[in-house]
Amino acid sequence: MGHSITVTVNGEKKTAEVEPRLLLVHFLREKLRLTGTHIGCDTTHCGACTVLVEGTPVKSCTMLAVQADGQQVTTVEALAAGGTLHPIQAAFKQEHGLQCGFCTPGMMLTSIALLQEKPDPTEDDIRWALSGNICRCTGYMNIVKAVKSAAVQMKTAAATPEAATAAARS
Amino acid sequence: MAVETPLKGNIGDSIRRKEDDRFIRGRGNYLDDIVLPGMLHMAIHRSPFAHARIKSINTEAASAVPGVIAVVTGALLAQHKLAWMPTLSGDTQAVLVTDKVRFQGQEVACVIATDPYVARDAAALIEVDYEVLPAVVSPQNALKPGAPLIRDEKEGQTNNHIYHWEAGDKAKTDEAFSKADRVVKLDTFYPRCHPSPLETCGIVADINSATGHATLYMTSQAPHAHRTLFAIVAGLPEQNIRIISPDIGGGFGNKVPIYPGYVVATAASLLIGKPVKWVEDRSENLISTGFARDFHMSGEMALSNEGRMLGLRVKLLSDNGAFYADAQPTKFKAGLFHIVTGSYDVAAAHVEADGAYTNKAPGGVAYRCSFRVTEASYLIERLVENAAIEMKMDPADIRLKNFIQPDQFPYKSATGFEYDSGNYPKAMQVALDKLGYQELRKEQAEKRKKGELMGIGVASFTEVVGAGPGKQYDIAGLRMFDSAELRVHPTGKAILKLGVKSQGQGHETTFAQIVTEELGIPAADVEVQEGDTDNTPYGLGTYASRSTPVGGAATAMVSRKLREKAKKIAAHLLEASEADIEFDHGKFFVRGSPSKSKTIQDVAFAAYTNLPDGMEAGLEGVTYYDPPNMTYPFGTYLVVVDIDRGTGQVKVRRMVAVDDCGVRINPMVVEGQIHGGLTEGFGIAFMQLITFDEEGNCLGSNFTDYLLPTAWETPRFEMGETVTPSPHHPIGAKGVGESATVGSPAAFVNAVIDAVGHLGITNIDMPVTSDKVWEALNKVGAAE
């Protein structure tokens, strides 16, 4: 009853035999041991399990692993590739956009998708984009600040060629 | 891009948090991230009924599922005397049901399997034959004669009454009321809600059958206290129990109690000889673990014609669910509710509380609150609002008229608290100025003429946090002190080990800063460790805003203890008399010649290499701190709302929050705590509700029904501060993690009542949803 799937996770091809009912979040956490993706509610409300599938934020608790077959998945573990923090990571720390850290990976991935679509978002754009990601600690004030600050950093970075390469990696 | 922190980390420095480096990389280590070799998985079969006798349980089909190792029932636990466990309030709670279920979602049986999916499949195959009994879902009905007896297994329990408790002086209060010009009354219900940290509760229990050592990884806000309770409940030798509380994804009181799942997983690991993991899902979290509030409150305030408060009388009825499992100090049956006189100089007060069993989940945890302070703060601030409306006074003026004045501290309250310090008029003035209060009152008057509804809510809260003193305050007999152990290594780097446990509050940064301030070691060089009972000194844990008041004080005191020894070593190094040595921010020098000095790093090295004759080597120490009093953070919150008469929708236009939590260790972290607390207060005021139908079905069992604020609804907050240090705390800090959740619900609701009070609407119970507002408006003919 196993299905063979191949998913490109953080740039690496991963092939595995999985049960058809296996959730993508469990595939990432249990099979690949990428535990930066968290589970908070099981019902697609909290967004702690958000990953990027082909660049789009997806709640991995509501997607089957088999549905990700042949696709590109990005998790939080890929953001600081090469040891350099992604601007969104640096901004979350700098602006105190996290406390317990449980929602943070999902928040950052959703923010990255927003900034790719809208490099210069308004506060309402940010709050609307993040409304599917719940944080119980921060009250969102500093998360919004972090996304704004990352937007500025990423725009500046995009203006220089070597930084553009780094930004493209995300 | 690197994040640099140029500051050393003294008190008052908003250095960036040390713990963030792992969290932003997805490298935290939360409970569910833990995987041990051979680990098994547990799933719980729960009751669909709120009240039902179990006639039989058939586990055959479940046991036959490939991969199932064991099915655990109450009968099996009873053989090991583990079917029942004590609660934090001196009651008992079923671990797994042996007789009848007493709330929907109660734990009936557990499956242990090699795979979590298999465990869940098998749990669903357990067949239970129930005889359904009538459910009791309100404390009022529970106390009626003839109500079904919920705790029929308790010897001597003939009804559903749990406790009666009083505080204050009844005779004096009655006298104050007899002399009053006016009495303002308010009956209000603070509904059941749930802390809902984003990470649910869980355990990995690993008992080594060869050595008998139990390593329990648990989402625990109080690992040391839990170790002791495990030793008592399970009969395990305490030295063989090691509780490790890893990174916690939010607690807010939810992770203070011991839950049946922890006990069963531990028993299963003991019986099977393999590690067992149990992590609850969100519905399990909402329907079975520590709820909060569920308090019915009747308040009466006696006033003079001039608006002076003369007395306060409160009757409470708490709905405790099926087991009395409030997490609170033993001697205080309604927690610290008797702080209900709040920020006001009220000469007489009396509180009477009763508790009742119902067929609902047990709990009564202090959800981001110091033991029922939230309910107390809500009641007094709502009463003052209504008094202002009835007496046609401005809600800010009536407060200013009645505040405890700065020169009255230390202030002895009518119910026996000794407030340490405060300046309430100042905090209020800062808030009023920041909001532009008078201008907004003018706008409100203009709008009212046009029939538009706008309200300005005021709440001036005072909390009581940071329990002990141990003599008065204990949890299950354990005195509420806390501890810090500091080890300074030869190279001048240090490890600080604490009895408290962060769940996101930033202890790894802020407690290092206390060491920086006291010893001069940069915060970056101080590693803070918590949560491992084998490697940290005993403490009561983190809840009730006690980490900074108690654990923070212990940190300051142990640093000072080491500083004394360091001074002796410095005298030796500087060839001077100890009496002539002075210390300033990490440097020891001979009085009058600061150029000739030794750094704390020099001294630390000497502590291992070059000691005065006869001195013990090392620079290490431990302190157990029992606070002489609690601390009393306070503040004023102001909220502006606009209400749509056509839909009842309340829009929060502005919110100003002025907090005084004494000295702020890391202002950035303090503000973050307040932002989060305000958001939870907003959620409680307008959204979060756990309620039940007549059969006891929980109607808030997932995030579709139990609404939490997202970035979209949450208001933008405007922050302000005053600083009134605590006179008895070594660094003057008071604790801040809960102030905003305690103080803000009343500010939000008062804003709504301020908008509609002139129409004769004087109360709408939380959560203040659009439909309730519209119905209230419709009733008085003011809806559109």
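## Where chains A and B meet

In this predicted model, 47 residues of chain A are in contact with 42 residues of chain B, contact being C-beta atoms, placed from the backbone, within 7 Å. On the chain A side, the elements giving two or more residues are α2 (87-94), α3 (104-117), α4 (123-129) and α5 (141-158), and α2(A) gives the most, with six. Helices here are DSSP runs of H or I, at least four residues, numbered from the N terminus.

By class, that side of chain A has 23 nonpolar, 19 polar and five charged residues. Asp, Glu, Lys and Arg count as charged, Ala, Val, Leu, Ile, Met, Phe, Trp, Tyr, Cys and Pro as nonpolar, and the others, Gly among them, as polar.

Residues are numbered from 1 along each chain, and chains are lettered from A in the order written. Local features need pLDDT of at least 70 and side-chain atom pairs 80 or more, while totals for chains, interfaces and linings use all residues.

## The largest nonpolar core

The largest nonpolar core holds 314 residues, and B:M42, B:L96, B:V111, B:I112 and B:V752 touch the most other members. Such a core joins buried Ala, Val, Leu, Ile, Met, Phe, Trp, Tyr and Cys through C-beta atoms within 7 Å; buried means 20 or more other C-beta atoms within 10 Å. Helix α15 (residues 547-574) of chain B gives the most to this core, with 12 residues.

Leaving aside neighbours within four places in sequence, B:V111 has contacts including B:M42, B:A62 and B:V68.

## α15 against α16 in chain B

The axes of α15(B) and α16(B) (residues 600-609), lines fitted to C-alpha atoms over the stretch in contact, come within 9 Å and cross at roughly 90°. That makes the two helices roughly perpendicular, a label for angles of 65 to 115 degrees. B:A566, B:I569, B:A570 and B:L573 of α15(B) meet B:I600, B:D602, B:V603, B:A606 and B:A607 of α16(B).

How values were computed: Contact = placed C-beta atoms within 7 Å. Buried ≥ 20, exposed ≤ 12 C-beta atoms within 10 Å, placed from the backbone. Axes fitted to C-alpha atoms, helices over the stretch in contact; angles between N-to-C directions. Parallel < 35°, antiparallel > 145°, perpendicular 65-115°, else oblique.
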